[in-house]
Each structure stands twice: as C-alpha cells, then as structure tokens.
Amino acid sequence: MIFNKEMEIMMTHLRRLHISGIFIFILGLSWYLLHLLVSIMHTGSHLIQVMKCYIISSEFLQKYRMLPLHKLQYLAVVIDSAEAKNATQVKQLLHWLSDIGVKYIMLYDMEGVLKQSLETYLISLANSSCNAKPCTDTSLKNVITRVRLEKTTIELLSSSDCKPGAAKAANFLLSNYLKGDTEGCNKAEPTFTEADMSAALKSVGFDGPDPDLLLVYGPARCHLGFPAWRMRYTEIVHMGHLKSMKRGAIIKAIYDFSNKHQNYGT
C-alpha cells in the first residue's frame, strides 16, 4: 500500500512537470514568433523608408522638388559626439543643407567635437568666399561661433554654451539687481521676465535665434543638451545614425515640417 501511494505521488509530480514543460515550450515558442514578427515588420518598415528616401533624392516625386522653406528660417542639427568625429559626413550634411536652400544652420554636439574639427575649416572657407570682407564676429563678447558663408550662416554650439550660458546670464541679472537705486529692506523683490533673460543672454554672448526644426543624429532620441532656452517652439525629429544619413530623409523631414500647423498659445 505504501509503495502504491509513493508511485501515485511520483506519477502526479511527473505529470505536473510534463504539463509545466509543455507550457514553458509554448510560451517560449510564442515569444520567439512574436519577436520574429516584430523584426520582420521593423525590417520591412526600414526598407520602405530607404526606398522612399531614394525616390525623393532622385526627384521622382514632384512635391519634393521645390521645398517650401518659408517656415524654416533656422535649422538646428544635433549630432552625437562619438559620431561627430566623422568630419567628412558632417561636411556632406552641410553641403546637402546648403544645396537644399537652408539659410541658417546650427550645429551642436555635447563635447564640442564639431567646434574643434570645423571652426577653422569654416572660417577659412568664409574668408576665401567673402572677398576680404569680415565674415566672422571677432568681438570678445561673441562666445558662440557664427560663420557667414556665401549661401548660409553656420553656428557651432556645444555644452559649454548651455549651463554656463544660463549661469552667466543669471549672474548678470543679479548684478544689475544689486546695483539698483533702492537698498536694504526697501529693495523690491526681483521679477525677471523672458525678455530680461533674453537680454541677459545677449549681453554675455550666449544669445541666438530659436531653431524652427531640430534634426537629431545618433542613438539617443533626445536633444542631447541643446540649449533649452533656444528651443521653446522647436519641432524635433530623430534621424537615426549619422553614418546612415540620407538626403531624401532630410528633404522629407523639412517637407513634413513645412506642412505642419503649430499652435503657440496665448
């Protein structure tokens, strides 16, 4: 009797283990099939985008031939610092944007790689195409590098133009407040407006226009520290890795932006 009970208990455990094994197998197979389906959909979507970019670059579609650039006064391009080291691709990107007709381009990377690799090149290019006219502002207050070329103006930014810029502007406002006529307990509480902050940033050399559109190249889907006070109404588009950049993708991003309606509030 005892032996029979032990056999029954053992068989029950085996059946449970068998059912559990089947369940785990079915669950694993379902996960694999779901993963395979998502991968196929992602690959298919990527191929469609590549083909569309190729068609746009080839100018087969009439609507992409003449881009309406009236909304795009300022374009910002954020590049991951690791990818920004490829100066050849960055120069190609600038050539495409200039050829498209973008008049003002802001180039940003967090570590200042673009400033180190492109500043001298752009200044020499500007001086050679401006007939000896001054193309760069050499005043001590102009912390941000802006270079005027024949068809476009290029601004180089890094993280050194972000938090330090805000700190210097805040110190400037505080200094002006402390220099006020009233003193002691009768001194009014400070009230700073957006216009005051803009004026302070201009005074310390960190002012500049807000980009209408911001293109991000790199693995991260964020602005990577681009100055927050300069992107209050900016449209942000993630473009993927710089090594995979395509002229058609840039044209499509600009075209899509030109057809959007933005509500700025009151």
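Residues are numbered from 1 along each chain as its sequence is written, and side-chain values use heavy atoms, with hydrogens and water left out. Because the model is predicted, local features need pLDDT of at least 70 and side-chain atom pairs count only at pLDDT 80 or more, whereas totals for chains, interfaces and linings use all residues.

The chain contains 7 helices and 6 strands, taken as DSSP runs numbered from the N terminus (helices, H or I, at least four residues; strands, E, at least two). Along the sequence these elements follow the order α-β-α-α-β-α-β-β-α-α-β-β-α. Of the 266 residues, 33% are buried, where buried means under 20% relative accessible area, exposed over 50% and partly exposed in between (1.4 Å probe, protein chains only). The accessible surface is about 17100 Å², and carbon and sulfur atoms account for 61% of this surface; areas come from the Shrake-Rupley method with a 1.4 Å probe, and for residues only the protein chains shown count as cover. Among contacts (heavy atoms within 4.5 Å) between residues at least 6 apart in sequence, 72% join residues at least 24 apart.

In soluble globular proteins, nonpolar side chains tend to be buried together. A nonpolar core is here a set of buried Ala, Val, Leu, Ile, Met, Phe, Trp, Tyr and Cys residues joined through side-chain atoms within 4.5 Å. The largest such core has 38 residues, of which Val77, Ile79, Leu93, Leu107, Tyr217 and Ile250 touch the most other members. At least two residues of this core are supplied by each of strand E1 (75–79), helix H3 (87–100), strand E2 (104–108), helix H4 (113–129), strand E4 (153–157), strand E5 (213–217) and H7. A second, separate core of 11 residues includes Leu214, Val216, Phe226 and Met231.

Because 9 of its 12 residues are buried, H7 is largely enclosed by the rest of the structure. Among these buried residues are Ile250, Lys252 and Tyr255. Leaving out residues up to four places away in sequence, Ile250 touches Leu93, Trp96, Leu97, Ile100, Leu215, Tyr217 and Met239.

The model has 5 salt bridges, each defined as a side-chain nitrogen of Lys or Arg within 4 Å of a carboxyl oxygen of Asp or Glu. One joins Asp99 and Arg247 (3.2 Å, N to O). Asp99 belongs to helix H3 and Arg247 to helix H7, so this pair ties together parts that are 148 residues apart in sequence. Asp99 is partly exposed at 47% relative accessibility, as is Arg247 at 21%.

Lys260 and Glu235 form another salt bridge, with the closest N and O atoms 2.7 Å apart. Lys260 lies in the segment after H7 and Glu235 in strand E6, so the pair ties together parts that are 25 residues apart in sequence. Lys260 is partly exposed, at 38% relative accessible area. A further salt bridge links Arg146 and Glu155 (3.2 Å, N to O); Glu155 is buried at 0% relative accessibility. Arg146, Glu155 and Arg230 are linked in a network of salt bridges.
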